[in-house]
Amino acid sequence: MSATAVHSLWTTAAGAADPIAKIPAPKIEYAQLSPTLIILGAALIGVLVEAFVPRKSRYYAQVFVSAVALCAAFAAVVALAADGYGTTKAHIAAMGAIAVDGPALFLQGVILLSGLVGLFTFAERRLDPEAHGNRVDSFAAQGASVPGSDSEKAAVKAGFTTTEVFPLLLFAVAGMLVFPSANDLLTLFVALEVFSLPLYLLCALARRKRLLSQEAAVKYFLLGAFASAFTLFGIALLYGYAGSMSYSTIAQVVDGSITNINPALADTMGNDALLLIGGAMIVMGLLFKVGAVPFHMWTPDVYQGAPTPVTGFMAAATKVAAFGALLRLLYVVLPGLRWDWRPVMWGVAIITMLGGAIVAITQTDIKRLLAYSSIAHAGFILAGVIATTRDGVSSVLFYLGAYSFVTIGAFAVVTLVRDAGGEATHLSKWAGLGRRSPLVAAVFAVFLLSFAGIPLTAGFAGKFAVFKAAAAGGAAPLVVVGVLSSAIAAFFYIRVIVLMFFSEPRPDGPTVAVPSPLTMATIGVAVAATLVLGVAPQYFLDLANQAGVFVR
């Protein structure tokens, strides 16, 4: 064919239908996505601060930018909720990618408050003695230097600090904000990676015990990569089953109410194997993130090895985001498969509650003990997920809100108890702490009693709500197992309290560092939330109840 003929064909095709005119511009509701956009914008500003602000001023600039962003994003969430986006105006935004509804806004608010309180522990610089005349925080002087090398010693001597942790925290928060509100599988996966990758890095940056910290990060990264791969494979199978990534379309295909079937996909839509295996793989990825048995193996090692401020933030916020995503997947995408997934979830909840509580009894390290405690709590929250009622959703939302503050507060107290090697996390060193520092021991006892679910604490109100919802939803045997697990768990919480108040202090025991107002604020907020949610939970239960309806 001659060149002129090709040219004329091309111009004819272009004239017949202008390809540019065919592509519609995306319609993005920026105001409704503002909490996430504020955090992402601040994270990018944090990266620029690292590049252009002199080293001496970076710490203050980063803390300021991060705190302002988290407060502004929380204000945006409150404004959206006040404007009715949690109830009457709930809808799907960003061309079907993001749901703006009650559960999304409630969980985003909890994640942002957890991030703000966690930020204060990240910024703490008074716990360790000054090194070479410089204040130091919990993070390595220079993350890239090999532990014990000359470059690390030079970095410590020069007073370097890893201020990159603040933008990493913000990127993690941004991913967590999108995760529970994602309304299609691709957005879900992108959000999963956006919050997981910064956490893998943060876990490796402890100033003391750097090798343990790096080992924890590698374990978390490898197991997290496996879980992400399972999730991605499940997404591919569900796409093959329904021909769509959208939650609502998949739900319609599952329950058979879809009308406009693509002829190319008509054959695969009846293939239940794709649906069951794909759904199971995605749920498996989410159960890994919440730390449910048998996908919990990373939890104790990572909680023990990561810098304690990171452990506290991760333990609280990751659970909130992952349970939000799990609820939306089971209640919006797979309600038609309820009879398939409920028995499996029963089994997972039972072994998670019992496994976490029983193994925690054998622990001798306070951070590992709190890790197994968090596994048991994942089982309690799953009891609310299994209820498959509106009360089930609202009870889970309330429990996540209560649990996140108690957890961050407990890990903030752990950062205060120190000896020559840094944090004294071995339980034997906590003996007699109540006589040496009554206030710190009393505060920690409040958090432990809340974890145990003792009345007048947030933990009791949360457990009562999820167990009541589970019993009303026909899962009464699960509640019996939950109460038994709570009794087992109460044993090791109260054992720690007895150790602190009724044992003789060791002469070579640890000291309690005097924190700056930042950590004091963290612990103060956590104690206040624990007591308020325990003594007068009704307002917050009503708030969770209003927010308990998913938009479809």
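What is the volume of the largest pocket? In this predicted model, the largest pocket has a volume of about 730 Å³. The second largest pocket has about 330 Å³.

| Pocket | Volume |
|---|---|
| Largest pocket | about 730 Å³ |
| Second largest pocket | about 330 Å³ |

**The largest pocket**

The lining of the largest pocket holds 29 residues. Nearest its centre lie Phe74, Phe106, Gly109, Phe540 and Leu543. Five helices each supply at least two lining residues: H4 (55-82), H5 (102-122), H16 (390-414), H21 (517-535) and H22 (538-546). H5 gives the most, with nine residues. By class, the lining of the largest pocket has 22 nonpolar and seven polar residues.

Around the second largest pocket, 23 residues form the lining. Those nearest its centre are Thr36, Leu40, Ile98, Val178 and Thr187. Two or more lining residues come from each of helix H3 (34-52), strand S2 (98-100), H5, helix H7 (165-178) and helix H8 (185-203). H8 provides the largest share, five residues. By class, this lining has 16 nonpolar residues, six polar residues and one charged residue.

H5 contributes to both linings. For the largest pocket, H5 supplies nine residues. For the second largest pocket, H5 is among the elements that give two or more residues.

Notes
Residues are numbered from 1 along each chain as its sequence is written. This is a predicted model: local features need pLDDT of at least 70, side-chain atom pairs count only at pLDDT 80 or more; totals for chains, interfaces and linings use all residues. Side-chain values use heavy atoms; hydrogens and water are left out. On a 1 Å grid over the protein atoms alone, a cavity is a set of points where a 1.4 Å probe fits but cannot get out, and a pocket is an open set with protein on both sides within 12 Å along at least five of seven lines; lining residues have an atom within 4 Å of a point. Grid points are joined across faces, edges and corners, and a volume is the space filled by probe spheres set on the points. Helices (H or I, at least four residues) and strands (E, at least two) are DSSP runs, numbered from the N terminus. Ala, Val, Leu, Ile, Met, Phe, Trp, Tyr, Cys and Pro count as nonpolar, Asp, Glu, Lys and Arg as charged, and the others, Gly among them, as polar.
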